[in-house]
Amino acid sequence: MPEIKLEGVTKRYGKTEAVRKFSLTIHPDEYFTLLGPIGSGKTTTLMLLAGLIEPDEGDIFFDGKPMKGVPPEDRGIGFVFETFALFPHYNVWENVIYGPRVKREDPASAKKVADEMLEMVLLEDRPDALPEELSGGMKQRAALARALTSGARILLLDEPLASLDAKIRVALASDLRRIVKGLGLTAIHVTNNVEEAMTISDRIAMMHNGSPVQVGTPRELYEDPKTIFVMDFMGDINLFNGTVTRSGDGFTEVSTQEGFLFRSSRTTMEVVSKVHAVVRAEDIDITPGGSEEAPNKLHGVVKEKMFLLGFMKYLIELKTGQEIIVEVPFMKRERDLETGEDIAMEFAPQNVYLFQREESL
Amino acid sequence: MPDVRLVNVTKRFGSVVAVDHLNLHVRDGEYFVFLGPSGCGKTTTLRITSGLTEPSEGEVYIDNRNVSGIPPEDRNIGLVFQHFEIFPFMTVYENVAYSLSIQGLKDEEIDAKVHQALEVTGLSEVADKYPNNLSAPELQRCSIARALARGSKLLLLDEPLGSLDPKTRERFRFTLRSIVKGRGLTAIHVTHDQEEAMAIADRIAVFREGRVLQVGRPIELYELPASIFVANFVGETNFLEGVVDRRRRGKTLLRLRGNLLIDAGESDLDAGSRVVVGVRRENMSIGQGKEKGMNSLIGQVVRMAFLGKLVRYRVELENGDLIEVKQPTRMGKIFEEKERVYVLFPSEKVLIYPYPKNLLYELALK
C-alpha cells in the first residue's frame with residue numbers, strides 16, 4: 001500500500017559498504033524484487049527497510065514519512081524469511097493469531113482476520129496442524145499468514161522460496177503474487193533466482209556491489225540490459241572482444257580478436273571503439289549452411305550436449321578454440337545434434353549487444 | 001570401473017519403510033541420478049550404497065562384490081556432499097592429500113596423485129590457499145579432488161550442487177559431468193532438482209516413497225513418462241480430464257469437460273474410458289487463430305510473465321480449466337493479459353493415462 005522511498009542510503013560494516021548510495025522509489029501496491037548474487041546488498045537493504053538496522057547515511061520514507069528511529073514493530077511491515085520462523089510447539093492457528101493476541105487486539109476481529117488469512121493461503125482446513133506436520137510449502141504459507149495478520153501494509157520477503165523443492169517453488173511463487181495483489185500490499189522480495197524474480201515481479205532491481213545496476217520490468221531488463229553483468233546474470237551469454245570497424249546505415253560492424261565479423265543493429269558506436277560483443281545462447285540458430293564466412297555466422301564442433309526441460313543446450317567449440325553455448329527450444333529442433341558433429345550457426349544483428357570495453361580488459 | 005547392483009534393498013526406521021525392496025543396476029561408467037521429492041528414499045539409498053547406513057534387508061554389489069558389512073572406507077568410493085566437509089585448517093593441497101597420507105603412501109606417490117586430482121578439477125592454482133579464501137564452487141571442486149585422489153572409481157554425490165548459487169550451479173553441471181566422463185568413473189548423484197537430473201544424467205531413477213517408479217534416459221522420462229506422477233514431477237505438465245469419445249486410424253478423440261474435443265493421437269483405450277491427459281507446457285503454443293493439424297482450444301490469458309527467453313502464460317479455457325504455456329520469446333508475438341487466444345498443441349505431444357484410483361495422490365509432489 002505505501003510508497004517506499006530510499007534516498008542515498010548507505011550502510012557500512014567496518015570498511016565494507018554493504019549498501020552504497022541506494023536511491024529508489026517503490027510504487028504503492030508494487031511487487032518489487034531485489035535480485036542479485038550473494039553479497040550484493042539485497043538482504044541488507046531489506047533489513048534497513050524493516051528497521052532491524054539503521055542506515056549510516058541517507059533516509060528511508062514510507063508514504064513520505066521518514067523512518068529514521070522508527071522501530072520495526074511500528075513500521076507496518078510483515079516479514080517472511082527463508083526458514084519458516086513458526087513456533088514449533090504452536091499449531092497453525094495459534095501461530096497465526098499470535099501477533100494480534102500479543103498486541104491485545106479485540107479477539108473477535110483478530111479471529112476474523114486470522115480466518116481470512118488462512119483462507120487466503122489455502123490452509124483453512126489445517127488450523128490444528130503443528131508445523132512439523134506440514135510440508136515446506138505449507139509452512140511457508142503459514143508463515144506468510146502470520147506475517148499478515150498484524151495488519152502489515154508492507155511485506156518484506158527474504159528468499160522466501162529458497163528452502164523449497166524446485167517444483168513447489170514455482171507454484172508458491174504464483175500464490176505469493178496472488179495474495180500480495182489481492183490484499184493490495186507493497187511487497188519487496190529478495191532472491192538470487194532469476195526465474196523466480198521474473199515470474200513474480202512488477203519491477204526488479206538488479207543488485208551488484210551494494211547498489212542497483214538497473215531497475216526495470218522483467219522485460220526491460222531482458223530486452224535492454226545496461227551492462228554485461230545484467231545480461232550474464234539472466235542467462236547464458238557468449239562474449240567476444242573486438243573493435244568497431246564500420247558504423248552507419250543503422251549497423252555497427254565489429255571485428256573480433258578471434259577474427260570474426262559481427263554486425264549489430266542495436267547500438268551505434270564509433271569506429272575504432274573497443275567493445276564487447278555479446279550474444280545470448282538462445283539467440284543463436286543452428287543452420288544447415290555450409291562453411292562460408294559471413295558476418296554473424298560461426299562454425300564449430302559440438303563438444304557437449306545437455307537435455308534441459310524444453311531446451312537442448314549445446315557447448316560448441318569454435319575453430320579458434322573458444323567455447324560457446326547455444327540453446328535450441330524443442331519446438332524448433334528438427335533433430336538432436338551429436339557430439340563431434342560440425343555445425344554452422346548464425347544470429348540476427350538485433351541480437352548482438354555491444355558494450356564499451358576498457359583498454360585494460 | 002565398477003557397476004553397482006542393489007538387490008531387494010529395504011530400510012526401515014521403526015515402522016517407517018524408507019526404502020522398499022528396491023532393485024537397481026547402475027552400469028559401468030554411467031552417470032546415474034536418483035531423482036525424487038524430499039522423503040522419497042533417494043538419500044537413504046545412496047547412504048546404503050556407500051555403507052554409511054546398513055540395509056534392513058537386501059544386498060549391495062559393487063563391481064560384483066557383495067559389500068554387506070564392509071565399511072565405507074573399504075568400498076573404494078568417493079563421497080561428495082552438499083556441504084563441503086573440507087578441513088578449514090588445511091590448505092587445498094593438504095585436504096586432498098590427507099586421506100592418502102593416512103593410507104601410508106610414499107610422499108612422491110601422494111604428490112603425483114594430488115597434483116593430478118587438482119589439475120582435473122582445475123584447482124592447481126589455488127593449491128596453497130586455505131578454504132576460507134575459496135569460493136563455494138572451488139570448495140566443492142576440492143571435495144571432488146579429494147575423492148578422485150583416493151583413486152575411487154565410484155563417486156557418490158549427495159546434492160553436490162545444492163550449496164551453489166543458481167548461475168554457478170548450472171555451469172558446474174558441465175564440469176561435474178566432464179570430470180566423471182573424462183576419467184571413466186561411475187557416478188551416482190542424488191538430487192530433487194529435475195532440471196539438474198535431466199542435464200547431467202545418462203540415466204535417471206525416479207523415486208517415490210521408497211520405490212523406483214521409472215528408470216530411463218532423460219529423453220525417455222520426458223517423452224514417455226510411465227505414470228502421471230512421473231509426467232508431473234519431471235517437467236511441467238498440464239493435466240486435463242476427459243472421456244474417450246471414439247478411436248479410429250491412429251486417432252483417439254477425447255471429450256474434455258465442457259464438451260471440448262481434442263485428438264490425443266494413438267492409444268489402445270476404448271470408447272467410454274475415463275482418462276487423464278498430460279501436455280507439457282513447452283509443447284503448447286499460443287496463437288491468434290486455429291492451426292491446421294493442431295488441437296486448438298479457445299481461452300483467455302489470465303497471467304503473462306515474461307521470463308526472458310521464455311514467456312509463461314496462464315490461460316483459462318472455455319470450460320474453466322487452467323492451462324500453463326511456456327513459449328520461446330523469439331517464436332512469436334507476446335500476448336497480454338485478458339487477450340482471447342488459442343492454445344495449440346499437436347496430438348503426438350499428448351500423453352494419455354487411464355483415470356487413476358486417486359488422482360490427487362498421483363499429482364501430489366511428495
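**View 1. Helix α1 of chain B is mostly covered.** Helix α1 spans residues 42-50 of chain B and is mostly covered, with nine of its nine residues buried. This is a predicted model. The buried residues of α1(B) begin with Lys42(B), Thr43(B), Thr44(B) and Thr45(B), and they include Leu46(B) and Arg47(B) as well. Ile48(B), Thr49(B) and Ser50(B) are also among the buried residues of α1(B). What follows α1(B)? Gly51(B) does, and its phi is positive, near 95°.

**View 2. Val67(B) sits in a loop of chain B.** The loop lies between β5 (65-66) and β6 (77-80) of chain B. Is Val67(B) buried or exposed? Val67(B) has 21 other C-beta atoms within 10 Å, so it is buried. The cut-off for a buried residue is 20 or more. Which residues does Val67(B) touch, not counting residues up to four places away in sequence? They are Gly51(B), Val60(B), Tyr61(B), Ile62(B) and Arg75(B). Gly51(B) is also the residue that follows α1(B).

**View 3. Helices α3 and α4 of chain B pack against each other.** Two packed helices are described by the angle between their axes and the distance between the axes. Helix α3 covers residues 107-120 of chain B, and helix α4 covers residues 136-149 of chain B. They pack at an angle of about 140°, with their axes 9 Å apart. α3(B) and α4(B) are therefore oblique to each other. Their crossing is right-handed. On the α3(B) side, the meeting residues are Lys113(B), Val114(B), Ala117(B), Leu118(B) and Val120(B). On the α4(B) side, they are Ala145(B), Leu148(B) and Ala149(B). This contact has seven nonpolar residues, no polar residues and one charged residue.

**View 4. Helices α2 and α3 of chain A form another packed pair.** Helix α2 of chain A spans residues 92-102. Helix α3 of chain A spans residues 107-120. How far apart are the axes of α2(A) and α3(A)? The axes are 10 Å apart, and the helices pack at an angle of about 150°. α2(A) and α3(A) are therefore roughly antiparallel to each other. The crossing of α2(A) and α3(A) is right-handed. From α2(A) come Val96(A), Ile97(A), Pro100(A) and Arg101(A). They meet Ala110(A), Val113(A), Ala114(A), Met117(A) and Leu118(A) in α3(A). Eight residues of this contact are nonpolar, none is polar and one is charged.

View 5. The loop runs between β6 (77-80) and α2 (92-102) of chain A. Ala85(A) has 16 other C-beta atoms within 10 Å, so it is partly exposed.

**View 6. Chain A meets chain B.** How many residues does each chain give to the contact? Chain A gives 30 residues and chain B gives 30 residues. Five elements of chain A each give two or more residues to this side: α5 (166-183), α6 (194-200), α7 (218-223), α8 (228-234) and β16 (297-307). The largest share, four residues, comes from α6(A). The side of chain A that touches chain B has 18 nonpolar, six polar and six charged residues.

**View 7. Chain A is divided into two domains.** Domain 1 covers 4-230 and domain 2 covers 236-356. Their centres, taken over C-alpha atoms, are separated by 39 Å. Chain A holds eight helices and 20 strands. Its C-alpha trace spans about 80 × 45 × 35 Å along its principal axes. Of its 361 residues, 40% count as buried.

**View 8. Chain B is seen as a whole.** Chain B holds nine helices and 20 strands. Along its principal axes, its C-alpha trace spans about 75 × 45 × 35 Å. Of its 366 residues, 42% count as buried. Take the contacts in chain B between residues at least 6 apart in sequence: 66% of them join residues at least 24 apart.

Conventions. Residues numbered from 1 in each chain as written. Chains lettered and ligands numbered in written order. Predicted model: local features only at pLDDT ≥ 70, side-chain atom pairs only at ≥ 80, totals over all residues. Buried ≥ 20, exposed ≤ 12 C-beta atoms within 10 Å, placed from the backbone. Contact = placed C-beta atoms within 7 Å. Domains from an automatic or database assignment. Nonpolar A, V, L, I, M, F, W, Y, C, P; charged D, E, K, R; others polar. Axes fitted to C-alpha atoms, helices over the stretch in contact; angles between N-to-C directions. Parallel < 35°, antiparallel > 145°, perpendicular 65-115°, else oblique. Left-handed = near helix turned anticlockwise from the far one by under 90°.
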